[in-house]
Amino acid sequence: MLHFADLRRHAFACLLALSCAAMPPSAQASAPDAPDEAAYRRSLQLREQWMYLTTGLAGPATWIDGERYRYRRTAPGGFEFVVRRLGQAQAQAAFDQARLATALAPLLGRAVDGRRLPFADYEMDKEGQALRAWMDDGWVRCELGGEYRCARWSEPGPSPRPRAWGVVRDLSVAADATPRRSPDGRMEAFVRDGSVLLRTLADGSSKVLARDGADNDFYDPESITWSPDSSRFMVLRVRPGDARRVTRVETAPRHQVQPRVRTQLYPKPGDAVDSDRPVIFEVASGRRIDVPTTLFPNPYEISAPQFRADGRTLAFRYTERGFQRVRLIEVDAHTGAARSVVEERSDTFVNSWWHRAEFHDVGGRGERIVWMSERDGWNHLYMIDGRSGRLRQLTRGPWVVRQIVKVDEQRGQIWFAGNGREPGDPYLQHFYRVDFDGGNLRHMTPGDGWHELSLSPDMNHYVDTYSRLDRPNVTELRDARDGRLLDTLERGDAGALFAAGYRPPETFSAPGRDGRTPIWGLVVRPTHYDPSRRYPVIESIYAGPHDSHVQKKFWPFDSQSSNERLIGAQALADLGFIVVQIDGMGTMNRSKAFHDVAWKNLGDAGFADRIAWHRALAARDPSYDISGGVGIYGASAGGQNALNALEFHPDFYTVAVAYNGCYDNRMDKLSWNEQWMGWPVDDSYARASGVDNAHRLRGQLLLIVGEQDENVDPASTYQVADALIRAGKDFDLLTVPGTGHGVGRSQEPVDYIQRRKFDFFVRHLLKRPTPDWNARD
């Protein structure tokens, strides 16, 4: 006979069986267990445990001369810096790393391991007797001859006046007024007390060429540029922009009790920028030639004007405020008359970011100019006839030129990087060569993967390093004439890393919002992945339009300055998640139309493409569980994206962690935001704003901010917090004293901040308890 308690248990078992029978098979799979403190420790230590388990993974090479080149490669327990000579079978040590570590220790105030020197690259002096490297937020110079000695180092001579985000000079810092000497060594031009002066070095006599400079319309002494024949020089006259300063309080300084106030020059969208106009002075007559600004009336910026080789003209690139027009302008150095050689115009934006603003004047005479343009819908190379302005298209097709590597004038060839031309993943970077007439386009990097190339100074050889997410680095020496393989210098071995449990991310593509365009991403699964289980999904997002962001090369240990890196994703996945990264529409390195989605629309962040991608993978993979909502995290622009996910797509994204976000584009730096959101500031800024849309938030949100963020005004985070409070929304806010933009990624306390992120996703997405961290001593 059953007792009452047995009857109750029997009834509950029957109900459970019925409910399970009614559930779809995929829902019956178990979710991961709650991670314990040991699991957290493993994840937080993963980078240190795995980073030194490869050998022979080389970084890009740097040529010393036409015969020698250097690079860094992984070695047992760390890295080694080596030098190779053409024809040499084995690499040689670039310097004694153990001795250098000993010399660095007292300077840095800590022990230094010679296998793990605190820099990834360095510069050598001409004699090869000293190196310079950036470490601990400053330059260090180390003498390598005899006894190794190291000291802090700064560039000799006056430092140039800083320009805040490239558009406003910091007038609180004195300009470098050092006289600029003419190429023939006979004269010096300089600016003093608002006047432009010319000094004859033979007798020391000076004459004033202009005396009308003023605080609100000054001559920039750092801009003085001489013509090659020393007959004239150019100086920029500047109407200064708005000197907006952001003020931050350092609440807990390490070396004093009381708080400290810090300020920073920080122009924001809509602020006036420095307006530069070239003025030419003729040496023999002292004549001043003002260049009419008719063709560049509203500059966001002009590139530094450069005289042509014959001194008869000078040229510069004019980017109009709002980024919808770009001109290459030529100025007659004798009359000041200006003409537009070529113009780019767009109803959205002309992409002036990264390497897309490059041009090359063949021979330095303005007769032929290598130019990049998206006028046919893809970024390609053109040759401009400098006299007529006619363009000849050198490359074409549904693929992208990423950057010009070298214009070889002697051979009449252009070396460039591109992507999307080869089969497979359209983001993989390859290198090509094309003749000046557009003929003989040649693929120079045949290996399957992401390539990085370094050409020798004499253009006879190049070193090609390539890898894929699932294939370690291979480094090859090739003949630059025909691409012929001369030697395989390094072949990376990651056997020990794989044996330790590393699983390369999977590449996945699926159609985006239009049902046609492939959207590419990667998938990171737990080290002990069990396909019979269901794993909640977290997206690591960064949708900044200035690039594409999903990693393509093998090395998973990139700098912790970005929390989207693969080991950070793996550490989170090992707590019971699948973590993904996706490049949606609005990011770069695809077609112009793909990129244009970002125009006045940063709130979009490619979410429609991302959601379609997630659903396509979930339909194929039963372990990919998006039924309870998807988690999301990101920093900077990725922080803005993460917040926008809960505001604009809360039915799909349910948990977000946002670091140091530029949540309202009116609060962030002018240069980045106006490129994509336009000028003047209009209601598109409000539509994308995480502050103005705070009332729409649903789900669980953790905001993390470093109070001393120099990249994104930390007030942007506090304005979101204020709007959420006024809207009655619950959220978590973690302010970290003394830290900046890299809080929790490149800046301490990394483990604490990462653990807080882990906790947030475990509690709210995995629905599991987290360890009681305050119970420990």
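Modeller: Two strands pair if DSSP finds at least two bridges between them; strands are DSSP runs of E with at least two residues, helices are runs of H or I with at least four, and both are numbered from the N terminus. This is a predicted model, in which local features need pLDDT of at least 70 and side-chain atom pairs count only at pLDDT 80 or more, while totals for chains, interfaces and linings use all residues. Residues are numbered from 1 along each chain as its sequence is written, and side-chain values use heavy atoms, with hydrogens and water left out.

Colleague: Which residue in strand 25 is the bridge partner of threonine 313?

Modeller: Strand 24 (residues 313-320) pairs with strand 25 in the antiparallel sense, over seven bridges. The hairpin of these two strands has four residues between them, and glycine 322 takes a positive phi near 105° there. The bridge partner of threonine 313 in strand 25 is aspartate 332.

Colleague: Which residue of strand 26 stands opposite leucine 328?

Modeller: Strand 25 also pairs with strand 26 (residues 338-345), antiparallel and over seven bridges. Five residues lie between strand 25 and strand 26 in their hairpin, where glycine 336 in the turn has a positive phi of about 85°. Opposite leucine 328 stands valine 342.

Colleague: How many of the eight residues of strand 25 are buried?

Modeller: A residue is buried under 20% relative accessible area, exposed over 50% and partly exposed in between, using a 1.4 Å probe and protein chains only. Strand 25 (residues 325-332) is largely enclosed by the rest of the structure, because its number of buried residues is seven.

Colleague: Why is helix 7 described as largely enclosed, and which residues of helix 7 are buried?

Modeller: Helix 7 covers residues 566-573, and it is largely enclosed by the rest of the structure because seven of its eight residues are buried. Those buried residues are Leu566, Ile567, Ala569, Gln570, Ala571, Leu572 and Ala573.

Colleague: Which residue of strand 2 stands opposite threonine 62?

Modeller: An open sheet of four strands has antiparallel pairing and the order 1-2-3-4. Its edge strands, each pairing on one side only, are strand 1 (62-63) and strand 4 (92-93). Strand 1 runs antiparallel to strand 2 (residues 68-75) and is joined to it by two bridges. The residue of strand 2 opposite threonine 62 is arginine 70.

Colleague: Which strand gives the most to the lining of the second largest pocket?

Modeller: A pocket is an open set of points, on a 1 Å grid over the protein atoms alone, with protein on both sides within 12 Å along at least five of seven lines; a cavity is a set where a 1.4 Å probe fits but cannot get out, and lining residues have an atom within 4 Å of a point. The second largest pocket has a volume of about 1,200 Å³, and of its 44 lining residues the closest to the centre are Trp354, Asp547, Ser548, His549 and Arg565. Strand 31 (400-408), strand 33 (429-435), strand 35 (450-455) and strand 42 (578-583) each supply at least two lining residues. The one that gives the most, with four residues, is strand 35.

Colleague: What is the volume of the largest cavity?

Modeller: A volume is the space filled by probe spheres set on the grid points, which are joined across faces, edges and corners. There are five cavities of 30 Å³ or more, and residues including Met585, Val597 and Leu602 line the largest. Its volume is about 50 Å³.

Colleague: What is the angle between the planes of tyrosine 69 and tyrosine 71?

Modeller: Rings of Phe, Tyr and Trp (its six-membered ring) pair if their centres lie within 6.5 Å; planes under 30 degrees apart count as stacked, over 60 as edge-to-face and the rest as tilted. Tyrosine 69 is buried at 1% relative accessibility, and tyrosine 71 is buried at 4%. Their pair is stacked, with 6.5 Å centre to centre and a plane angle of 20°.

Colleague: How far is the charged end of lysine 757 from the ring centre of tyrosine 633?

Modeller: A charge sits over a ring if NZ of Lys or CZ of Arg is within 6 Å of the ring centre and within 35 degrees of the ring normal. Arginine 421 lies over the face of tryptophan 399, at 5.9 Å from the ring centre. For lysine 757, over the ring of tyrosine 633, the distance is 3.9 Å.
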